[in-house]
Amino acid sequence: MCTLVRMVYVTLGAAIFAEILATTSMKYSDGFSKLWPSLFTGVGYVVAFLLLAHTLKSMSVGTAYAIWSGAGTAAVALIGMIFIGEAVTLSKILGLLLVIAGVVVLNLGGAH
C-alpha cells in the first residue's frame, strides 16, 4: 500500500511538472504564433491531463485537483516573479501562501 501511495504522488508530481512547463511555454508562444512554444504548450497539457487522470484512479478528485492546481498555480506565479520579471508584491506573496495553506488543509483529509 505504501508503494502505491508513493507512486500516486510521483504521478501527480509529474502531472504538475507537465502543467507548469505547458503554462510557462504558453507565455513564450506569443498568442500561439510561435511554433515550438505552442507545441510544448499543447503536448504539456495533454501529458498533464493524462497523468492527472491516471492519478484519479487512486486518489480522490478533490485532493488530487487541489494539489495539482494549487502547486501549479504557486509554481507558475513564482516562475513569473523570479524568471520572467513580474512584480513581487506583498499581495502576491500572501496569495501564494493562502494557496499553499489551502492545499495543505484539503490534503489533511488524506489521498483516498
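Visitor: Which pattern does the protein follow when read along the sequence?

Guide: This is a predicted model, in which local features need pLDDT of at least 70, side-chain atom pairs count only at pLDDT 80 or more, and totals for chains, interfaces and linings use all residues. Residues are numbered from 1 along each chain as its sequence is written, and side-chain values use heavy atoms, with hydrogens and water left out. Helices (H or I, at least four residues) and strands (E, at least two) are DSSP runs, numbered from the N terminus. The protein has 4 helices and 0 strands, and the pattern reads α-α-α-α.

Visitor: How many aromatic pairs are there?

Guide: Rings of Phe, Tyr and Trp (its six-membered ring) pair if their centres lie within 6.5 Å; planes under 30 degrees apart count as stacked, over 60 as edge-to-face and the rest as tilted. By this rule the count is 2.

Visitor: Why is the pair of Phe-49 and Trp-68 called tilted?

Guide: Phe-49 lies in helix α2 (residues 35–55) and Trp-68 in helix α3 (residues 61–82), so the pair ties together parts 19 residues apart in sequence. The ring centres are 5.5 Å apart, and the pair is tilted because the planes stand at 50°.

Visitor: Is Trp-68 buried or exposed?

Guide: Buried means under 20% relative accessible area, exposed over 50%, partly exposed in between (1.4 Å probe, protein chains only). Phe-49 is partly exposed at 48%. Trp-68 has a relative accessible area of 7%, so Trp-68 is buried.

Visitor: Which residues do the ring pairs link into a cluster?

Guide: Tyr-65 and Trp-68 also form a tilted pair, 5.6 Å centre to centre with 40° between the planes. Both lie in helix α3, 3 residues apart, about one turn of the helix. The cluster consists of Phe-49, Tyr-65 and Trp-68.
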